[in-house]
Amino acid sequence: MMEKSEALQYKENGKTRKSISYGKSGLIKKSIIFIILSIVSFIFLIPFIWMLSTALKSPSELVASTTSFIPDELVWSNFLDALNAAPFLGYLGNSLIVSVSAVILAVFLNCLAGFAFAKYNFKGRDVLFIIVLCTLMIPVQITMIPNFYILKQLDWLNTYAGLVIPRTAEAFGLFLARQYILSIPNSLIEAARIDGAGEFKIFYKLILPNIKPLIGVLIIFNFMWRWNELIWPLIVVSDERMYTVQLGLAMLKGEHYVDWTQLMALTTMSIIPIMLVFLFFQRYFIKGLVTSGMK
Amino acid sequence: MSFKNFTQKNSHKIAPYIFIAPNIIVFMVFMIIPILFTFYIGMTEWSILGTPEFTGLNNYERMFSDPVFWRSLVNTFYYTAGTVPFSVFLGLLGAVLLNQKKIPFRPFFRAVFFAPVVVSMVAAGLIWTWIFNPNYGLANIIYSYFNVESVNWLSTPELAMPALILTTLWLRIGYSLVIYLAGLQAVPGELYEAAEIDGANTWQKFWKITIPMVKPTTTFVAIMEVIHGFMVFDLIYVMTNGGPGFSTTVIVQYIYQKAFTEGEMGYASTLATAFFFIILLLTLIQLRMGREK
C-alpha cells in the first residue's frame with residue numbers, strides 16, 4: 001500500500017521515476033514519528049488541559065494535599081461564580097467593541113492609504129512611505145510617555161477612542177496593503193477612469209473586491225492584536241469599567257487574594273473567542289503568517 | 001479641455017492626499033511626534049505631576065551608572081538568547097517530522113502546535129504561573145512523582161528567567177514550525193532521492209540537505225524571534241513583574257515601571273531613547289542579514 005501511494009504521488013507530480021520502496025523500515029519510521037508527534041502534541045495540550053482542569057475543580061480539591069491532574073468532580077458552576085465575582089462580561093464587551101471597531105477602522109484606512117501609495121504619483125509619496133516603514137519596529141514603550149499626555153490633552157484616557165484610534169496607525173497593515181494593491185493592473189484602473197468612475201468609486205468598486213484575501217488576513221490579524229493586547233489598555237485605561245479582557249485578567253492576578261479556579265475559568269473564557277477565530281480561519285491565519293511574517 | 005476632463009484631472013491629483021490623510025494624521029500624532037518628544041523628554045527632569053525641567057544630558061549620565069539599566073539589558077539578551085535558538089531549532093525539527101509524507105492527523109498536529117501562538121501573553125502567563133505554583137501547581141505533581149522537593153521557580157532568582165523562557169517556547173515554537181513547514185515545501189524532493197541513492201541516512205539528509213536549503217527561512221524566523229525577544233513585556237508583567245529582585249527585569253518593562261509605577265517620566269524617556277537606538281542598531285543588522293540572503 002505504501003508503495004502504491006508513493007508511486008501515485010510521483011505520477012501526480014508528472015514525473016516518471018521508479019517508485020522507491022520503503023517497505024517495512026519506512027513503516028516503522030513513520031510509526032515512530034507518529035508516536036513522537038503524539039507525545040509532543042499532548043505536552044503542548046497540557047497547559048490547556050491544566051487550565052480547564054483548574055477551572056472545574058472544587059475549592060477544596062484545589063488546595064488538597066495531593067494535586068490531581070483531572071478533578072474528581074467537575075464544578076461547572078465555577079464559571080458562573082467567576083462571572084459574578086468579577087465584572088468580566090463588561091471586560092468582554094469592552095474587548096469586543098475595541099477589537100471590532102479597531103478592525104473595521106484599521107483595515108479600511110490601511111487599504112485606502114495602501115491604494116494611494118500603490119497607484120498614485122504624488123509629491124512626497126516616497127518620503128512619507130519610508131517614514132511610515134521606519135516605524136515598523138517601534139514598540140509602544142518608546143512612544144507611550146508622550147502618547148499618555150497626548151491622550152490626556154485630547155481627553156481620550158478611559159475612552160474607546162483612546163483605545164482604538166491611535167492603534168490604527170499600523171505600519172504592517174499599510175505596507176501589506178500597498179504591496180498587494182501594486183499587483184492590480186493599472187489598465188483596470190485606467191479603464192474605470194475612462195468610464196467616468198470617481199477616484200473613491202474606483203477604490204470601492206474595483207480595488208476592494210479585488211483584494212479580498214488581503215482583507216481576510218488583515219481582519220484576522222488586527223482582531224488578534226487588539227484582542228490580545230495588554231500594554232496599550234494598561235496605559236490608556238485606569239477606570240475599571242473600561243477594562244479590556246487582558247487588562248482585567250492581569251489586574252485580577254495582581255490582587256493579593258487570587259482565586260485560581262475562578263481566574264482559570266476567566267482565562268478559559270478569554271481564550272475562546274480568539275480560538276474560534278483561529279479554528280475557523282486557520283488557513284488564512286497560516287497563509288498570512290507565511291507571506292508576511294506578521295504576529 | 002472640457003470641464004469634465006478638468007475636474008477628473010484635478011481629482012486624480014487631490015484624491016491620494018485625501019486617501020492617505022487619516023492614516024498619516026494618526027501616524028504623525030501618535031507615532032512620529034511622540035518619538036521626537038521622547039527624545040526631548042529624555043533630556044528633562046519630569047515627575048508625573050510637575051512640569052518638565054531641561055537638564056541636558058544629566059539623565060544619560062544617570063543611566064550609564066544605573067545598575068538596573070545594565071541588568072535589564074543583560075536580562076533582555078539572556079531572554080532572547082534563551083528563547084531564539086530553541087524555538088528556531090525545535091520549530092524546524094517539528095516541521096521536518098510533520099512534513100513526512102502520509103503522517104496521519106497532520107492537520108490536527110499542526111493546529112495543536114500552533115494554537116498557543118494565538119493565545120494572549122496574559123492568558124499564557126496566568127496558566128504558566130499556576131503551573132509553576134509550588135503548592136498546588138502542575139509542577140507539584142511532577143515533583144512528587146520524582147520525589148523531589150517542590151521549588152518555587154518564579155520566586156527563585158536563578159529559576160525565574162528559565163521559567164519565562166520555557167513558557168515562551170510553548171508560546172512560540174508553533175510560529176517557527178509553521179513558517180518552516182512553508183519553507184520546506186520549496187525544497188525539491190529530488191535532492192533527497194539522490195541522497196538516498198547515494199546511501200545517505202536520515203540524519204545526514206537533515207544536516208546536509210534540509211538545513212542548508214531552509215537557510216533563508218531560518219534567517220527570517222530568527223529575525224522575527226529576536227524582535228519578539230527584545231519586545232517581550234506582557235508575559236513578564238504578568239508572571240514576575242521583573243522580580244524576584246531585578247532578575248527578570250527587561251528593558252521595555254523597566255521603561256514602563258519607571259514611567260507609570262514610579263512616575264519618573266523624564267528618566268523613563270531617557271531609557272526609551274536608548275532603547276530606540278538599540279532597536280535601530282538591530283534593524284540595521286537585520287537589513288544586512290536580509291541582503292546577504
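## Contact between chains A and B

In this predicted model, 72 residues of chain A are in contact with 76 residues of chain B, two residues being in contact if their C-beta atoms, placed from the backbone, lie within 7 Å. The elements of chain A that each supply at least two residues to the side touching chain B are α2 (23-55), α5 (88-119), α6 (125-134), α7 (140-154), α12 (212-228), α14 (245-254), α15 (260-280) and α16 (282-292), and α2(A) gives the most, with twelve residues. Helices (H or I, at least four residues) and strands (E, at least two) are DSSP runs, numbered from the N terminus.

By residue class, that side of chain A divides into 51 nonpolar, 17 polar and four charged residues. Here Ala, Val, Leu, Ile, Met, Phe, Trp, Tyr, Cys and Pro count as nonpolar, Asp, Glu, Lys and Arg as charged, and the others, Gly among them, as polar. For the complex, the predictor gives an ipTM of 0.87 and a pTM of 0.87.

## Conventions and confidence

Residues are numbered from 1 along each chain as its sequence is written, while chains are lettered from A and ligands numbered from 1 in the order in which they are written. Since this is a predicted model, local features need pLDDT of at least 70 and side-chain atom pairs count only at pLDDT 80 or more, whereas totals for chains, interfaces and linings use all residues.

The mean pLDDT of chain B is 87, and 96% of its residues reach 70 or more, where pLDDT is the predictor's confidence in each residue, from 0 to 100.

## Overall form of chain B

Chain B contains 13 helices and two strands. Its radius of gyration is 25 Å, well over the 19 Å that the globule rule gives for 293 residues, so chain B is more spread out than a compact globule; the radius is taken over C-alpha atoms, and the rule is 2.2 Å times the number of residues to the power 0.38. Along its principal axes, the C-alpha trace of chain B spans about 75 × 70 × 35 Å.

Buried residues make up 42% of the 293 residues in chain B; a residue is buried if 20 or more other C-beta atoms, placed from the backbone, lie within 10 Å of its own, exposed if 12 or fewer, and partly exposed in between. In helix α5 (residues 121-131) of chain B, eleven of the eleven residues are buried, including Trp128(B) and Trp130(B).

## Annotated regions of chain B

An unreviewed UniProt entry lists several residue ranges of chain B as "transmembrane region", among them 159-182 and 266-287; such annotations may be inferred rather than shown by experiment, and their positions are given in the numbering used here, with feature names shortened. Over residues 159-182 of chain B the chain is 100% helix, with end C-alpha atoms 35 Å apart, and over residues 266-287 of chain B it is again 100% helix, with end C-alpha atoms 32 Å apart.

## Loop residues with positive phi

Asp155(A), in the loop between α7 and α8 (160-164) of chain A, has a positive phi near 65° although it is a residue other than glycine. Asp155(A) counts as exposed because it has 10 C-beta neighbours inside 10 Å.

Asn241(B), in the loop between α11 (234-239) and α12 (251-261) of chain B, likewise is not a glycine and has a positive phi of about 50°. With 15 C-beta neighbours inside 10 Å, Asn241(B) counts as partly exposed.
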